[in-house]
Amino acid sequence: MTPEEVEPLADEIGNYLVRLQRVRDRTIAHAKSTDGIDPAAYACLFRLINDGPMRSGTLAEAMYTDPSTVSRQVAQLVERGHVERQADPTDGRASVLAVTDSGRAAAGRIRALRNEKLGRLLADWPLQDLEDFARLMDRFVTDYELARPTFAAVEPGTRTAR
């Protein structure tokens, strides 16, 4: 496709992403936290479950956020017993964050609630639409993650990094 063909579709998709982010932000802001923990902290929990124990700085990089934000979120998880600090096996002077059994149980409850809500939302979609959407969403998010480092170097209104 040419840039001229892509641009109107990119604009449309961008507008949908803005709408989705607004709806998600509002939903999270009004959601009751589970176990008294900020819903944003659960993203850290799920990342640790998926990727295994890691240092706080590595977690911040994986979450695409700053270390102070991750530190606040991890503190909530540690306080509730969902995450614990363990000696780093490669450097005993440092520590890694690891999910506890309590954290795995909490993540299971959050995942079940999320899946139940999404299930209600998607219940009337044909199976083929769901399969296509899941495949395309995976492709979009993967490509976005891969391209993310270049976005900061691109000037507005240009198509190439400087």
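1. A nonpolar core here means a set of buried Ala, Val, Leu, Ile, Met, Phe, Trp, Tyr and Cys residues joined through side-chain atoms within 4.5 Å, where buried stands for under 20% relative accessible area, exposed for over 50% and partly exposed for anything in between (1.4 Å probe, protein chains only). With that in hand, the largest nonpolar core has 20 residues. Those with the most contacts inside this core are Tyr42, Leu45, Leu48, Leu59, Val70 and Leu77.

2. A word on the basis of these notes: this is a predicted model, in which local features need pLDDT of at least 70 and side-chain atom pairs count only at pLDDT 80 or more, while totals for chains, interfaces and linings use all residues. Residues are numbered from 1 along each chain as its sequence is written, and side-chain values use heavy atoms, with hydrogens and water left out.

3. Now the overall layout. The protein has six helices and two strands, arranged from the N terminus as α-α-α-α-β-β-α-α. Helices (H or I, at least four residues) and strands (E, at least two) are DSSP runs, numbered from the N terminus. Of the 162 residues, 20% count as buried. Taking a contact as heavy atoms within 4.5 Å, residues 24 or more positions apart account for 48% of the contacts with a separation of 6 or more.

4. Two or more residues each come from helix 2 (41–51), helix 3 (56–62), helix 4 (67–79), strand 2 and helix 5 (101–122). Helix 2 gives the most, with six residues. Leu59 touches Cys44, Arg47, Leu48, Met54, Val70, Val74 and Leu97, not counting residues up to four places away in sequence.

5. Helix 2 deserves a look of its own. Its buried residues are Ala41, Tyr42, Cys44, Leu45, Phe46 and Leu48, and they pack against helix 3, helix 4, strand 1, strand 2 and helix 5. After helix 2 comes Gly52, whose phi is positive, near 90 degrees.

6. Which residues does Ala107 touch, not counting residues up to four places away in sequence? They are Leu45, Phe46 and Ile49. Ala107 itself is in helix 5 and counts as buried because its relative accessibility is 1%.

7. Strand 1 (residues 83–88) and strand 2 (residues 91–99) pair in the antiparallel sense over six bridges, pairing being called when DSSP finds at least two bridges between strands. A hairpin of two residues joins them, and Val83 stands opposite Val99 in strand 2. In the loop between strand 2 and helix 5 sits Thr100, which counts as buried because its relative accessibility is 14%. Leaving aside neighbours within four places in sequence, Thr100 is in contact with Gly81, His82, Val83 and Glu84.

8. Finally, the lining of the largest pocket. A pocket is an open set of points on a 1 Å grid over the protein atoms alone, where a 1.4 Å probe fits, with protein on both sides within 12 Å along at least five of seven lines; lining residues have an atom within 4 Å of a point. This pocket is lined by 48 residues, of which Leu20, Gln21, Arg24, Arg114 and Met137 lie nearest its centre. Helix 1 supplies the largest share of the lining, twelve residues.
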